[in-house]
Amino acid sequence: MNFTLHVWRQKSPQDEGRMVTYDARDISPDTSFLEMLDIVNQELVEKGEEPIAFDSDCREGICGSCCLMINGTAHGPDRGVASCQTFMRVFADGQEIYVEPWRARAFPLIKDLVVDRSALDRIIEAGGFVSVNTGGAPDGNALPVPKTDAERAMDAAECIGCGACVAACPNASAMLFTAAKVSHLALLPQGKPERRRRARDMVEQMDREGFGNCTNYYECEAACPKEISVQFIAQMNREYLAACLDGSEE
Amino acid sequence: MNLDPHVPSGPLAQKWDKHRFEMKLVNPANKRKFRILIVGTGLAGGSAAASLAELGYNVESFCFQDSSRRAHSIAAQGGINAAKNYQNDGDSIRRLFYDTIKGGDFRSREANVYRLAQVSVNIIDQCVAQGVPFAREYGGLLFNRSFGGAQVSRTFYCRGQTGQQLLLGAYQAMSRQVRAGRIKMHPRSEMLDVVVVDGRARGIIVRDLVTGQIQSYSGDAVVLATGGYSPVFFLSTNAKGCNVTAGYRAYKRGAAFANPCYTQIHPTCIPVTGDYQSKLTLMSESLRNDGRIWVPRDGGDHRPPQEIPEADRDYYLERKYPSFGNLAPRDIASRAAKEVCDEGRGVGEGGRGVYLDFKDAIARLGEHTIRERYSNLFDMYHHITSENPYKAPMRIYPAPHYTMGGLWVDYNLMSSIPGLFVVGEANFSDHGANRLGASALMQGLADGYFVLPYTLSNYLASTKQTPTPVEGEDFKRCEAEVREQLQRLLSIKGKRSAQSFHRQLGKLMWDQCGMARSEQSLKKALNEIPAIRDEFWHNVSVTGGEQGLNQELEYAGRVADFLEFAELLCHDALDRDESCGAHFRIEHQTPDGEAERNDEQYSYVSAWEYNGVGQAPTLHKEPLTFEEVHLSVRSYK
């Protein structure tokens, strides 16, 4: 297959970025999107030109490193996958493909398609954990957890932290990301003692980082490679409201 | 070179307790005076950083990814072993210990493995307390499944994403300490050298991957938790970024490298489809709980799998290993797959594949149950191959996955450089010549949560050190050497990309030093590697400059290390003139093709000392002594 790529190139945050056109020739339909970019990059390197910078690591959809806006859709046209698990067979031969970085105020650009997503780490640091030190934990079976709660917690915990929800949202909101962690821990007995404080601190950090608010577009759920449900946002809102009304954990 | 393993005296089951009592402690008020540098934030590095920070130490953590949550432990799928015996099926600490020693083909250190089995039970408790959402029964208690090399169900799991959930547990514990100010996190930072001052590891040289700046960090101890080196084969199940650089550069500074030839080839991966591929994808071993592995009975049978009747199928693992069947250990299952493909009975394009069939399990349990257990793995297979595994069997083939070899460490997880500790896959200690499934997660977390916090404290309490400012001569010299190599890479301006060299090296290693090795193939590899390396240093094209984000420069440095390390790996494979575990020398096999060990001559750990690029390294031997285990022929029949 052959494709015409229009790729965002920007040397540094100070540089004024631009779209640059590249040809991708003789691509097997079984090639992943990132492997297709690898092929284009190899040609650039052998010509002595700087290759397109993009983040990737595990290339099996779980590490959350890759983050490409492909034809205006976070992670591309295939549902329920990250950019690395998007395969060229989903495109038409000869198609023009536009590749851009995640765009959000809270994700400053570093170079080309690479952005700084450390704001998401800071949201977790604000309270996305159970305060338990190593050692002294009770037996794993001491506290039964209903299977349905464990499954639902796992549905939320699957978040890979890629930031597609932010990139897809017209408000660049990180509500789905934050809600996934708030809900995961609130659903389990181990996370319940800190649930109010956690919801309040994480939401406040999210606001401080410059993410927008949720106005129910649901673009986040559509873009999420793990198809995490927006219902968790409703759960987070309940947790947050309860935290605001209940000052006991100040 | 001092290779005293420092194994405590006394009966095996009491060594760790006794050692814990004998080790020195650091007074709580004094802990904050120590600074510990930890490279890598996977299960081992993340759990170590969190635990040490909770104790009150100042921790600085480094990872090359953009967030510590993305370390490659995240990709582990199947599960984590623990001797909980929740299933009442005969498990015990001793059985987990014995399975692990036997699984490693009696090439690991007895005392380390026993300790691993002991602390395995604490890991599950710790992770549950952190909120790791393990699979549960309807009654609310923890559920288990089986993994290879064991006849009990002791594997805990979170769907097909166990590594992700355990890593997020450690990441969240770290995040809590970042918030508390006890961990300083350095993402997008690559360690390029260890600084040894007066014979002790006192710091590291790091390249900030965003600015390109070379920076020195000084501390009271250095911990490497930098994972394995499977990408020496180019195609592997590892992440693109996995590399040997941190461990190899420590080796060049005097740390012994142990058993580099023990490389695990995982039996169930999606087969190679073309030369554009950047990596291979694992299909979890847990699938072998319900999937049956087979090939056509006769070569040249090209009918679609559904049309091949039972009588014309060969369920070769069930046939050859009736007591373990499809749950035979990885090394054995991989070699069996290679054997049937070598016989011309392989399936799929190129004939390098075997079927993993869920037809019977779906008929027995229903598609719903299979979906509940493995849906994300089936989806991943579907996305990659565009074939539906609920309807047709998966096609799988072995691929490089894990490396049992690593930097040599003693019982305290300290390398041959005092003050340099090595944890997780980066060390060599617990898996011998072959690792059993669901044991990597166990070892990473055992090292980080429950071993290192004790042994590192003991080191700090019993060592008198003076501060070593980064302005000192040792740091400046190392910085200059690191800069010089980067500039050298940038100045070549050749015609070939670093990736093309990596691919060339990987193919050579896979063909000559992969699933089957011989004196002849290893000598061929040792002959050809220097030529590839020479061409690399004359003809590699590294674009861009030293400043700012330069992914080609990062990658070229890693490939340069693989080009030296590959030679070490082959030297080790050549020296070990026996077959054991994943190391299969075709000269040494039983009449029915099983690995043939030579305990009289090779019951030792090979610890290699660096002598310079292209120079043969010096072999040191740590004899393996077994007090409790009787060395037997490893049989899964």
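Predicted model: local features only at pLDDT ≥ 70, side-chain atom pairs only at ≥ 80, totals over all residues.

Me: OK, which residues are buried in α7(B)?
Reply: B:Thr245, B:Ala246, B:Gly247, B:Tyr248, B:Arg249, B:Ala250 and B:Tyr251 are buried there. That makes seven of the eight residues of the helix, which covers residues 245–252 of chain B, so α7(B) is largely enclosed by the rest of the structure.

Me: And what follows α7(B)?
Reply: B:Gly254 follows, and its phi is positive, near 115°.

Me: Switching to strands. Which way do the residues of β9 in chain B point?
Reply: B:Ala221 and B:Val223 point one way, while B:Val222 and B:Leu224 point the other. All of these are buried. In a regular strand the side chains alternate between the two faces of the sheet.

Me: What does β9(B) pair with, starting with β1?
Reply: Strand β1 of chain B, residues 35–39, runs parallel to β9(B) and is joined to it by four bridges. One pairing to look for is B:Leu37 with its bridge partner B:Val222. Strand β17, residues 420–422 of chain B, also runs parallel to β9(B), with three bridges between them. There, B:Leu224 has B:Val422 as its bridge partner.

Me: What's the strand order in the five-stranded sheet of chain A?
Reply: The order is β2-β1-β5-β3-β4, in an open sheet with mixed pairing. At the edges are β2 (18–24) and β4 (73–74), each pairing on one side only.

Me: How do β3 and β5 of chain A run, parallel or antiparallel?
Reply: Antiparallel, with two bridges joining β3 (residues 69–70) to β5 (residues 96–100). A:Met69 has A:Glu100 as its bridge partner in β5(A).

Me: What lies across β1, β2 and β3 of chain A?
Reply: That's α1(A), which runs at about 90° to β2(A).

Me: Zooming out, how many helices and strands does chain A have?
Reply: Eight helices and seven strands. The C-alpha trace of chain A spans about 65 × 40 × 35 Å along its principal axes. Of the 250 residues in chain A, 54% are buried. Looking at contacts in chain A with a separation of 6 or more, 69% come from residues 24 or more positions apart.

Me: Which domains does chain A have?
Reply: The domain assignment gives domain 1 (3–100) and domain 2 (118–249). Their centres, taken over C-alpha atoms, are separated by 30 Å. The contact between them takes 12 residues from domain 1 of chain A and 10 from domain 2 of chain A. On the domain 1 side, seven of the residues are nonpolar, five are polar and none are charged.

Me: And which domains does chain B have?
Reply: Chain B is assigned domain 1 (266–401) and domain 2 (473–597). Here the centres over C-alpha atoms are 31 Å apart. Six residues of domain 1 of chain B are in contact with five of domain 2 of chain B. On the domain 1 side, helix α9 (residues 330–342) of chain B gives the most, with five residues. By class, that side has one nonpolar, one polar and four charged residues.

Me: How do α13 and α16 of chain B pack?
Reply: Their axes are 10 Å apart, at an angle of about 110°. The two helices are therefore roughly perpendicular to each other. B:Leu486, B:Leu489 and B:Leu490 in α13(B) meet B:Leu553, B:Ala556 and B:Gly557 in α16(B). Sorted by class, this contact has five nonpolar residues, one polar and no charged.

Me: Last one: how many residues does the contact take from chain A and from chain B?
Reply: It takes 65 residues from chain A and 68 from chain B. On the chain A side, the elements giving two or more residues include α1 (33–46), α2 (118–125) and α3 (147–157).

Me: Which element gives the most on the chain A side?
Reply: α1(A), with six residues. Overall, the side of chain A that touches chain B has 26 nonpolar, 21 polar and 18 charged residues.

Technical notes
Residues numbered from 1 in each chain as written. Chains lettered and ligands numbered in written order. Domains from an automatic or database assignment. Contact = placed C-beta atoms within 7 Å. Nonpolar A, V, L, I, M, F, W, Y, C, P; charged D, E, K, R; others polar. Axes fitted to C-alpha atoms, helices over the stretch in contact; angles between N-to-C directions. Parallel < 35°, antiparallel > 145°, perpendicular 65-115°, else oblique. Buried ≥ 20, exposed ≤ 12 C-beta atoms within 10 Å, placed from the backbone. Pairing = 2+ DSSP bridges.
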